[in-house]
Amino acid sequence: MEGDRGTSGDSQFISFQDFSPINHPGSGGQAQLDLGASDHRNFGNINNDSVGVGIIEDLHGMPDKTEAPPARNFWTIEYYQKFFDVNTNDVVERIKWSMIPHGVDNYWKTHIRPKPDLYGPFWICVTLVFSIAISGNMANYLQTANSRNYHWRYEFHLVSYAATAIFLYAWILPLALWAVLKWTSSPPNMEEELIEDNKVPGLLELLCLYGYSLAIYIPVAFLWTVQIEWLRWSLVGIAALLSGGVLLRSLSPVIAGKHKLIYITVILGMHLLLAAGFMLYFFHVPSKNVTIPISAIVSTVQPTVSAALNSMNNKTIPNVQ
Amino acid sequence: MATMEDTKLDMYDDAMYAVDPQNVEGELTVGTKQKANLGEPEFNTLDEPIRDTILRDLRAVGKKFYHVLYPKEKKSLLKEWDLWGPLVLCTFMAMILQGSSDTADNFNDGGPEFAEVFVIVWIGSMIVTLNSKLLGGNISFFQSVCVLGYCLLPTTIALILCRIILMVQQTTFLFILRFIITVIGFIWATYASMAFLGDSQPVGRKALAVYPIFLFYFIISWLIISHST
């Protein structure tokens, strides 16, 4: 009996071991590989056959389509490496041209379009969050340094507020813009659109564009610590106009239409609103400077006042009686 | 069925499982000679005193700290990673840096909370590592986290010195002194981590990988200089 049981258990064990190594490299995996290869071949054929599309794509200069990069799994790091495929001078160029509106050169087409990345937007947002928090604290210190008896404390949680504002702006606005452009764009007259180069920008491109457009606020955030009111407000205006100008110039072929004015006001208005919001919330002096002393004064004064009132009441009431 | 049987036999032979599972024979050896490489003495860790085990690990951690303070040899920190040093440093910094939420005058201190420092250090070093992986650097995830964590040591020393300075009455000179100490700690940490991690990147992208490291230590140094009583 024991021997029997042993062998049966044994065979189960072995058969279980059998399945995985033999099935995988044998039939299943091979079949999958074949499928993948044939798929690629099919796509290649289609591209070659339909001459029009092929030529248009060549005109566009989209090397990634023709090369047919190997499809990576969504969960691997290699899948995301294509969003970070930039070199140092690419990033420097993109940051530089995101601040300088250029009449002839369309920033989006020449810089972003060929290879949108997420490195720049992400690190620009992170840098902006911390530079606003740091310089906001510095500004707050400079404002209160003169008043002797106020014990200055740094406010770490500016980081959270700044992060919320900036990441919302850098994600929600491109998303909304992308959705609006996608659903209001004219019916897909494919070839004409492609030739005119007015294709609706992809989400990645818009994210990249908006991320780089925030770069100008990093140096401006440190300049905002200077305690000259007219200088700070003119910095708000200049920064918003410069990078907003680049944004508008980049998107002008896409948003040309009957709603053009609405697009322009929304894009530029939001950009200006963001800058003004930073300025008012993180750097503005009087509101904070006034409220804190008042509350402190009230809290110190209140007991004495109420005590005085009480004593007065006690005195006056007998008088009346 | 016949093929199954054949393959089964093949498997048996390949895997060298040709032993009767009922009565297994063999010698139970721990710590074989192949494991004891890289200049380690041959020993059996199973029957050594606990003190030796702990001391050996402590010595490994201490050696890594030494290499951070004196970043001469590049490969020393990358050979074997551990996260003990980062854990100790991070916990210590979080304890010192945390702002007390209930002071006497009921003003919030404004400093970060314990968990926030913890999150900044760990998530920050993970994001920095992920960034260098995404840029195509050839370094394992935990190696990089280990190096970034160990390189917090100069900033931690700066924090201790600042804490000592904060005990006396504050003047402008003392603030400048704290500032200088923090800057030195920051530069030291950035330099050390670049010495260990700098080579793992492709040529044109070194600055892209170094910038987040710089930012990471910059933020931690900001927390240190802003910390006041």
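**Helices of chains A and B in the predicted model**

In this predicted model, residues 208-225 of chain B form a span that is 100% helix and 0% strand, with end C-alpha atoms lying 26 Å apart. This stretch is one of those that the unreviewed UniProt entry annotates as "transmembrane region"; the annotation also covers residues 81-97, 147-166 and 172-196 of chain B. For residues 81-97 of chain B, the end C-alpha atoms again lie 26 Å apart, and the span is 82% helix and 0% strand.

A helix to look at in chain B is α3, which runs over residues 84-97. Its 14 residues reach 20 Å from the first C-alpha to the last, close to the 20 Å expected at 1.5 Å a residue. Buried positions in α3(B) are G85(B), P86(B), L89(B), C90(B), M93(B), A94(B) and L97(B). These residues lie on the same side of α3(B), because they cover an arc of only 150° around the axis. An α-helix has 3.6 residues a turn, so residues three or four places apart point the same way. The cover over the buried residues of α3(B) includes α2 (50-69), α4 (114-134), α5 (141-150), α6 (153-165) and α8 (206-226) of chain B.

Turning to chain A, F278(A) sits in helix α13, residues 260-283. F278(A) counts as buried because it has 24 C-beta neighbours inside 10 Å, where 20 or more are required. Beyond its neighbours within four places in sequence, F278(A) is in contact with I132(A) and Y217(A). F278(A) and I166(A) are 112 residues apart in sequence, while their C-alpha atoms are 9.6 Å apart in space.

Notes:
Residues numbered from 1 in each chain as written. Chains lettered and ligands numbered in written order. Predicted model: local features only at pLDDT ≥ 70, side-chain atom pairs only at ≥ 80, totals over all residues. Helix = DSSP H or I, 4+ residues; strand = E, 2+ residues; numbered from the N terminus. Expected span 1.5 Å × (residues − 1). Buried ≥ 20, exposed ≤ 12 C-beta atoms within 10 Å, placed from the backbone. Arc of directions from axis to C-beta. Contact = placed C-beta atoms within 7 Å. UniProt positions renumbered as here; feature names shortened; annotations may be inferred.
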